[in-house]
Amino acid sequence: MSKPSALSFFEFLHLNKDKTFRPKKKFRPGTLRYNLHKRATATLKSGIDLKEAVKVPNDDTFEDWLAVHTVEFFNRINLLYGVIQTSCTKETCPIMSGGERYEYLWQDGDKYPKPTQLPAPDYVNNLMEWVETKINDDKIFPPSIAVPFPPDFKKVCKKILTRLHRVLVHVFIHHFDCVKLLGVEPHANTLYKHFYFFVTEHSLVSTKELDALKGMINALILNNNQ
């Protein structure tokens, strides 16, 4: 596997878009949420202060801001996993884990009504399928600002983001060598910082879940004042 030269993370992901197993969720151009999506995406490209960038703009609602970020993180994390998925197999990753201390069991109330141990690729596939179903449900993510969000919208997004974080944990702990080999370490780090600042700013992922990457968070974020 050769290391890409001088590619931005977004160029690299575009070139490897066939490796993702879920199509990207898109907002319709010209809508408020499309404009918010463009603004949220710009924070990953411009190198601005991510800690400030994740705060809700004065002219927008928290629910709209949460919606576009939840979809954006789904797209980005799905793509990031897609480019390393050849190294994540049932043989290399027979359980979905985040190091020795964390094992994640899958439960969706449907196919898996009880917490079930799955190989990491099966866990991630079920997770992405579950998230995709949620964000494509117009009753949960209304396509128009004329339609209100459901009362439990934040609760749903918290569960989505918590589960997406587990994919990041698995990638950073078990497949970081692959991330470095592909030359996307700085960009993957920026993606994680963006995610971390967003979920901590709005209290969306518990400290218990975030602690799986506590060492990296301390080194990458807390000790760098960014």
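Biologist: How many aromatic pairs are there?
Modeller: The count is 12. Rings of Phe, Tyr and Trp (its six-membered ring) pair if their centres lie within 6.5 Å. Planes under 30 degrees apart are stacked, over 60 edge-to-face, and the rest tilted. This is a predicted model: local features need pLDDT of at least 70, side-chain atom pairs count only at pLDDT 80 or more, and totals for chains, interfaces and linings use all residues. Residues are numbered from 1 along each chain as its sequence is written, and side-chain values use heavy atoms, without hydrogens and water.

Biologist: What kind of pair do Phe-172 and Tyr-192 form?
Modeller: Edge-to-face, at 5.7 Å centre to centre and 70 degrees between the planes. Phe-172 lies in helix 6 and Tyr-192 in helix 8 (residues 185-201), so the pair ties together parts 20 residues apart in sequence. Helices (H or I, at least four residues) are DSSP runs, numbered from the N terminus.

Biologist: Is Tyr-192 buried or exposed?
Modeller: Buried, with a relative accessible area of 0%. Phe-172 is buried too, at 7%. Buried means under 20% relative accessible area, with a 1.4 Å probe and protein chains only.

Biologist: New topic. Where is Arg-166?
Modeller: In helix 6, residues 153-174. Arg-166 is buried, at 16% relative accessible area.

Biologist: Which residues does Arg-166 touch?
Modeller: Met-96, Tyr-104, Tyr-123 and Glu-209, not counting residues up to four places away in sequence. Contact means heavy atoms within 4.5 Å.

Terms used: Helix = DSSP H or I, 4+ residues; strand = E, 2+ residues; numbered from the N terminus. Buried < 20%, exposed > 50% of the residue type's maximum accessible area, 1.4 Å probe, protein only.
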